[in-house]
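Visitor: I would like to learn how to read the charged pairs in a structure like this one. Could you take me through them slowly?

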Amino acid sequence: MTTSTYHLRCRECGKTFGNQPRSICEDCFSPLEITYDYDSLRPSLSHELFASRAPNIWRYRELLPLPEGYRPSLPVGFTPLVSAPRLGERIGSRRLLVKNDAVCLPTLSFKDRVVAVALANARSFGFDTVACSSTGNLANSVAAQAAREGLKAWIFIPSDLEPAKILGTQVFGAELVRINGSYDHVNRLCSQIADEHRWGFVNVNLRPYYAEGSKTVGYEIAEQLGWRLPDNVVVPMAGGSLITKIKKAFDELILLGLVDPKPVKLFGAQASGCSPISTAIKQYSSEIEPQRPKTIARSLAIGNPADGHYALQAITKSGGWSEDVSDPEVVSGIQLLAETEGIFTETAGGVTVGTALKLIQQDRILPDETTVLCITGNGLKTTDVLADKYQAEVPIAPKLAEFELYLASKAAALPAAAGETAAAVVGR
Ligand SMILES: *Cc1c(COP(=O)(O)O)cnc(C)c1O
Ligand SMILES: [Zn+2]
C-alpha cells in the first residue's frame with residue numbers, strides 16, 4: 001500500500017488497518033473509521049481552493065478517502081441551502097434554513113454522496129460487483145451509479161418498500177433481491193453474503209468509505225453559510241451514520257482552521273414507529289434497545305442502528321436532543337414543507353420537519369438561533385403516503401362558462417371571508 005493521507009482505524013482500540021474493504025476490528029470487533037493526517041493536509045487547504053473548484057462533493061476531495069488519481073465521473077451533491085422563512089413562521093424559528101438533498105443528483109437523496117465515495121473505492125479494491133442492503137434510497141443510488149461506472153449491482157431490500165423505490169432500482173438494470181423480513185434481517189444476510197462472495201457491499205465491507213461521503217453535507221452547510229457553523233442541525237436518523245458524520249465534518253473544519261470554533265447542537269429525528277435512538281436519548285439511557293419497525297418512514301426503518309451508539313453520544317455531548325413523530329405527523333410535515341417552501345420531500349423529510357416543530361415547542365431550539373433542517377430525500381419516491389390526502393378533481397369542458405361555474409362552486413365551498421373575495425372575482 002502506498003503512503004496515503006488516510007487509513008482505517010478502530011474507533012475503540014486504535015488499531016490501524018491501512019486501506020482495505022473491512023469495517024470491523026479483528027481484535028475488539030468495534031467499527032473502523034477513516035482517519036486523516038490533518039497536519040499534512042492543513043497547509044494546502046483554504047476557502048479559495050474549495051471555491052475554485054466545481055460545485056459538487058469532489059471539491060472537498062482532500063477530506064475524502066479517494067484512491068490516488070481517482071477521476072470522478074459524476075457531479076454529486078452541492079445541493080441548495082435555502083432560507084425557509086415561511087416554514088420558520090409556522091413552526092417558530094426566525095433563522096431557519098433547509099439543506100435540500102431532495103434534489104441531490106443522480107437519484108434525489110443524500111445517499112448519492114455516500115455511494116459516490118464507496119464506489120470510488122470499490123474499483124481500486126478490485127471489485128467488479130457492488131451490492132448493498134437498503135431501505136430504498138441506497139438501492140436507487142447504488143443501482144444508478146453502478147450502471148454509470150459499468151459495475152454489476154446486487155441490491156437487497158425488505159419486500160415491503162415503496163413501489164417507486166423498487167422501480168427506481170430495477171430501471172438501472174440491477175439485480176434486485178426482495179427479502180421477506182425487515183431491513184435488519186436483510187442486513188444480517190448481507191454480512192453473511194459478503195463473507196462468501198467477493199462483492200463490494202457499500203454499507204458492509206466498504207462502510208467506512210461510504211460513511212465519509214456523508215461529511216460533505218456538513219462541509220457544504222459551513223461553506224454555504226459563508227464558512228460559519230450553524231447553532232443547530234436537525235438530522236433524520238436510520239442507522240445513525242449521517243448525524244455522526246455531519247459532526248465529524250464540523251470538527252474537521254474547526255481542526256483545520258477553516259471555520260471558527262463554535263458549539264453546534266445536534267438534533268436527531270426519528271419516526272415513533274422506529275425510534276431506537278430517540279427513545280434511548282429521551283430515557284437518558286446509554287443502551288440502544290433494538291425495535292421492530294412499524295412506520296411509513298421506510299427509509300428510516302432500521303430497528304438495530306449500526307451507528308446508534310455513536311449517534312447517541314454525539315447528540316448528548318453536543319447538548320442537543322432527539323425526538324420522534326407519529327405517521328400522521330410525518331404526513332403533515334411533508335405537506336407543511338411543500339406548502340410553505342415549495343419543497344417536496346419524502347417521509348424522512350416529514351420526520352425532520354415534524355421533529356423540528358416539537359423541539360421548538362419544547363424550547364430546545366430557540367427562535368433566533370440559526371437552525372438547519374436536513375431534508376434528505378425526494379417526495380416523488382413516497383407518493384403512496386399522500387394517496388388519501390387529495391381528491392382527483394372532476395374534469396371540466398374547455399369553455400370559459402364552465403370554468404366560471406367551476407370557480408363559483410369553489411367559492412361557495414370556501415369559508416366565509418375567503419368565499420367573499422372569490423365571489424367578487426367571479427362577479428367581475
Ligand atoms: C438513509 C437515509 C437517512 C439516514 O441515514 P443514516 O446515515 O443511516 O442515519 C436519512 N434520510 C434518508 C432519506 C435516507 O435514505
Ligand atoms: Zn479494535
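Guide: A salt bridge is a side-chain nitrogen of Lys or Arg within 4 Å of a carboxyl oxygen of Asp or Glu. Side chains of opposite charge can pair when their charged atoms come close. Please keep in mind that this is a predicted model, in which local features need pLDDT of at least 70 and side-chain atom pairs count only at pLDDT 80 or more, while totals for chains, interfaces and linings use all residues. Residues are numbered from 1 along each chain as its sequence is written, chains are lettered from A and ligands numbered from 1 in the order in which they are written, and side-chain values use heavy atoms, with hydrogens and water left out.

Visitor: Which residues are linked in a network of salt bridges?

Guide: The network joins Arg11, Glu33, Glu212, Lys215, Lys245, Lys248 and Glu252. Within it, Glu212 pairs with Lys245, their closest N and O atoms being 3.6 Å apart.

Visitor: Are Glu212 and Lys245 buried or exposed?

Guide: Buried means under 20% relative accessible area, exposed over 50%, and partly exposed in between, using a 1.4 Å probe and protein chains only. By that rule both Glu212 and Lys245 are buried.

Visitor: How does the salt bridge of Asp324 with Lys282 look?

Guide: The closest N and O atoms of Asp324 and Lys282 are 2.9 Å apart. Asp324 counts as buried, at 7% relative accessibility, whereas Lys282, with a relative accessible area of 31%, is partly exposed.

Visitor: How many salt bridges does the structure hold?

Guide: There are 27 salt bridges in the structure.
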